[in-house]
Structure formats: C-alpha cells, structure tokens
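This is a short briefing for a reader who is meeting the structure for the first time.

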Amino acid sequence: MELRINRRSLIAVGVAGALAASSILLLRPAAPSASSHREAPLISGDPRNDNTDVYAFVSPDKTDTVTLIANWIPFEEPNGGPNFYFFDTNSRYNIKIDNDGDAKPDVTYQWTFKNIDKRGNGSGTFLYNNGPVTSLKDENLLFKQKYTLKRITEKGTTTIGSGTVAPSNTGPASFPDYAKVRGEAVDGIKGGGKQFAGQSDEAFFLDLRVFDLLYGGNLSEVGQDTTRGYNVHTLAVQVPKKEVALKGDVTRNPVVGIWSTTDKWSPRGYVQVSRLGQPLVNEVVVPAPLKDAFNSLSPDKDAGIPAVVKKVTHPEVPMLLEGIYGLKAPKTPRDDLVEIFLTGIAKKNGPIKADLNSQILNKDAGKLRPSEMLRLNLTIPVTASPNRLGVLAGDLQGFPNGRRLGDDVVDIALQAMAGAAQTGQLVPALAAGDKVDRNDVPFLTTFPYIPGPSNQAVNQTFNGS
C-alpha cells in the first residue's frame, strides 16, 4: 500500500489521535492515574482485573510478526508483600482483534490462570519463597501461577500455549538473577510465535502533576516520571501477521484493530468488567456517569452512545487550555478527532487526507462500524530510528498507528490540546512537553520487549536512592 502523507497531514494525524488518547489527563484532578489505570469507579476497587495499557506494533527484530501487549494491575509497589501480585483465577484475560471493521472480535487471545500454592494450610508459612529462587521450577518458590492460552475465531477455540507466570520480583535475596527466571517465562506457541505472562516494569512514562492546574499553571511542574518504580502484570503474544489479518492476507488487508478486556466470573456467568484500546480514553473522553458502562461494552456499541460521541466532537480539554493558558480552543465539531477515535485514518473517513490505519483500507472488509480501539497498519515498515512523537514527527510506525512502548503519547497530546491538529502547526510554547521523554529503564531488544520489574521501593527511588 502506498502512503502519501504530507507534513501537515502528519501533524494532524498524530496530535488528533493523541487528544483522543489523553483527554483524561485534564478532566480528573483526582488520585494519580496513568493511561487507563483506575479509570472508572468499579474497576478501581478490583486492580487484578484492571487493564492499564495496550501496545501493538510490528516486531522490530522479527518483522514478519506482530507483537501484542496488554498490562493489568496498576501501581504495583515492588515491596507490596507478603502476598505480592497475581492474576485473578476467576477471570479470563483477553486481547481482541477486529480485522474487517465491524467492531467485533475476529481473533481473540485468551488467558486463564490457576494457582500452585505450596505454603500449606493452617500450619503453613506466610513466605512467598523460603530461599533463593534460580528458576521457575525452583522448589523454593512456594507460590506461582500456571496459565492456558487459547486462540478463538469463528472457526472455534484452540489451545495454543500454556506456561508459568514470571513471579513478582521480591528482591535480590530471593531472586539473585531475576532476569534469568523471567526469561524462562517466554515460551513458544502452536502455529508459530511466542507468549509471555508475568510482572513487568510500568513502561508508561509521564508527569502526573498535570493535575495541579496543568503542570502548575505555568509548565513549571514537569520532569518527574510519576510512574517510575511501579510495576504491572503483562500478557503478551508475538504471532505471524497472517494470524491476525483478514483472511490471512496482510497485503490485501493490512489494518487490524486491537483492544483488551477482562471477563470476571459472577453468578450470571462471565461478565466483562474492564476494557482498553487507545490509552486514556475512558479516563478523559468518556463522561463520569458512563465510565463503568464503557468498561462493560463491546466496541460495536460505541457509535450508538450520543454522550460519548459528543465528548469526541466537542472535547473539554481545549477549553481548559484556553482558560489556564489563554490558548484559543480549536473550532468544533472535531471531525478530525472522530476519524482518529472512531474510524481510523483514511481519506474517505474524514478531514485528515491520509490513508494510514482504518479497516476501510482492507480490500475484503465490509461496512465500517465506528468504534474505539487501537488500530495498526501491519505493512508500515519498522522504523530504524523510532521517534517518540510517532506520526507527529513523520514516523508512521508510531502512535496513533498502533502504539510502541517508547511512543510519548502525553507530549503528542499537549500539542493536540493546543489545536495543532487543525492548524497543522506545532505550538512552540508547548514544545518541551512534560519533559519526561522516555522510560526510566531501557526496553528489551527481543520479545516481550517490556522491561523486567523493579524491586526497589517507590519512595526510595524518588528520594534518589
């Protein structure tokens, strides 16, 4: 597929997508939230089932595959023992793919878990491990989880993998070589590809003092990575592109939509309690009374909710920027934002004159159903030197064309809030962004790419220890 996108279109694409992704940063002056951490009242009380981030990108070291990553359990403090962190055995964790544009899953990767607990009953120990752990099979590891991974399509359900979850990193005395133990949790799957489940570094980077009247009202409160030192739990797969493309044909049908969900067991059976596609959408775009409902909906319902659509076409964030900084809010309705948020980017969809990541570009797709999800064009080449500003900086492989671990969606969003999506010009006053330009630890060069978890207390880290 030939992509002809000029500089103005690149800016519009990047910043409009970021606005959809990051609106929540300015609408909730509440407890810390990053991406979709603690984004709705009900899920805030159920962290094991709370989706935090979704990443989707062509694998940089294996370009015939796509890597899908979803994180759960926000703000894991490394020293949070003695029970530490684990997946819910009463839930199903899903990464879903829509490849024909009807906003319904065509391929689902689904994980379920069971506990292996050797701590005994009444007279047992409280310890997570009773000696140094040097492998996933080490007898000193008293608690661990096993999982089953299934691939679900209209043709049926197939078990494609199983494995052991990489345990929580409780410290160097317990795990003298944690990276080795975590590496053992990477396994192959049927049909080709890899799988991983386990604890990871919180890789979403930003300064959450945005809540203090937008970085102190004068951009003086910047440069502090608020999520530094926290961990999350990761589920990841790396599969051949044909496994997710419509009819298995990446050339004819290059675009897929991705989101993650959690289904929790209840007296009514499994019920969807969390959902995440683009970062920050439920926190910022969705109005407060609908946040819990949004977590329970499938994407094909989105366009039928007028209150949600209105928050896209008439976003609140630019009005806040105008009130605090005097930056004139862009004119509404934001048709460009609708294109990013609900339809993907294609010339036929709206005002952004570029063919990038809408399922309408798939030759075998049917009628497009507007919906919120992360969209990725599998045929965009891997960028040799990725730019953290993604499409905004001319790097077409970056956000909002999927999302890589290093994409700085917050800085892109600052430009969007100031109206760069409509003017085609960056705002110099916001060029420095929040001055948190990268993760505090480097990403891995091979699957699962997301770094291993910290084992230092967050307050110790922030004190410079």
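A helix axis here is a line fitted to C-alpha atoms over the stretch in contact, and the angle between two axes runs from 0 to 180 degrees between N-to-C directions. The model is predicted. The protein holds 13 helices and twelve strands. Of its 465 residues, 57% are buried. Take the contacts between residues at least 6 apart in sequence: 68% of them join residues at least 24 apart.

**Helices α8 and α10**

- Two packed helices are described by the angle between their axes and the distance between the axes.
- Helix α8 covers residues 306-313, and helix α10 covers residues 335-343. Their axes come within 8 Å and cross at roughly 130°.
- On the α8 side, the contact is made by Val308, Val309, Val312 and Thr313. On the α10 side, Leu337, Val338, Phe341 and Leu342 take part.
- Seven of the residues in this contact are nonpolar, one is polar and none is charged.

- Val308, Val312 and Thr313 are buried in α8.
- Seen down the axis of α8, these buried residues fall within an arc of 135°, so they line one face of the helix.
- The face turned away from that buried side carries exposed residues, Pro306 and Lys310.

- Helix α9 spans residues 317-325. Its buried residues are Val317, Pro318 and Leu321.
- Down the axis of α9, the buried residues fall within an arc of 100°, so they too line one face of their helix.
- Met319 and Gly323 are exposed, on the face of α9 turned away from the buried side.
- Just after α9 comes Gly326, with a positive phi of about 75°.

**Salt bridges**

- How many salt bridges does a search of the whole structure find? The search finds 16.
- Arg209 pairs with Asp207 in a salt bridge, and the closest N and O atoms are 3.0 Å apart. Arg209 is partly exposed, with a relative accessible area of 27%. Asp207 is buried, at 0%.
- Lys301 forms a salt bridge with Asp300, with the closest N and O atoms 3.3 Å apart. Lys301 is partly exposed, with a relative accessible area of 43%. Asp300 has a value of 14%. Buried means under 20%, so Asp300 counts as buried.
- Arg404 and Asp407 meet through their side chains in a salt bridge, at 2.9 Å from N to O. Are these two residues buried or exposed? Arg404 is buried, and so is Asp407.
- Salt bridges also link Arg388, Asp408, Asp411 and Asp437 in a network.

**Cis peptide bonds**

- Phe399 and Pro400 are joined by a cis peptide bond, with omega at about 10°.
- Pro400 sits in the loop between β12 (374-377) and α11 (409-417).
- Another cis peptide bond joins Phe447 and Pro448, where omega is about 10°.
- Look for Pro448 in the loop between α12 (420-423) and α13 (458-462).

- Ala103 is not a glycine, yet its phi is positive, at about 65°.
- The loop between β3 (91-98) and β4 (107-117) holds Ala103. Is Ala103 buried or exposed there? Its relative accessibility is 0%, so Ala103 counts as buried.
- Lys247 is not a glycine either, and its phi is positive at about 60°.
- Lys247 lies in the loop between β9 (231-240) and β10 (255-266). Lys247 is exposed, with a relative accessible area of 67%.

Note on methods. Residues are numbered from 1 along each chain as its sequence is written. This is a predicted model: local features need pLDDT of at least 70, side-chain atom pairs count only at pLDDT 80 or more; totals for chains, interfaces and linings use all residues. Side-chain values use heavy atoms; hydrogens and water are left out. A salt bridge is a side-chain nitrogen of Lys or Arg within 4 Å of a carboxyl oxygen of Asp or Glu. Buried means under 20% relative accessible area, exposed over 50%, partly exposed in between (1.4 Å probe, protein chains only). Helices (H or I, at least four residues) and strands (E, at least two) are DSSP runs, numbered from the N terminus. Contact means heavy atoms within 4.5 Å. Ala, Val, Leu, Ile, Met, Phe, Trp, Tyr, Cys and Pro count as nonpolar, Asp, Glu, Lys and Arg as charged, and the others, Gly among them, as polar. The arc is that of the directions from the helix axis to the C-beta atoms.
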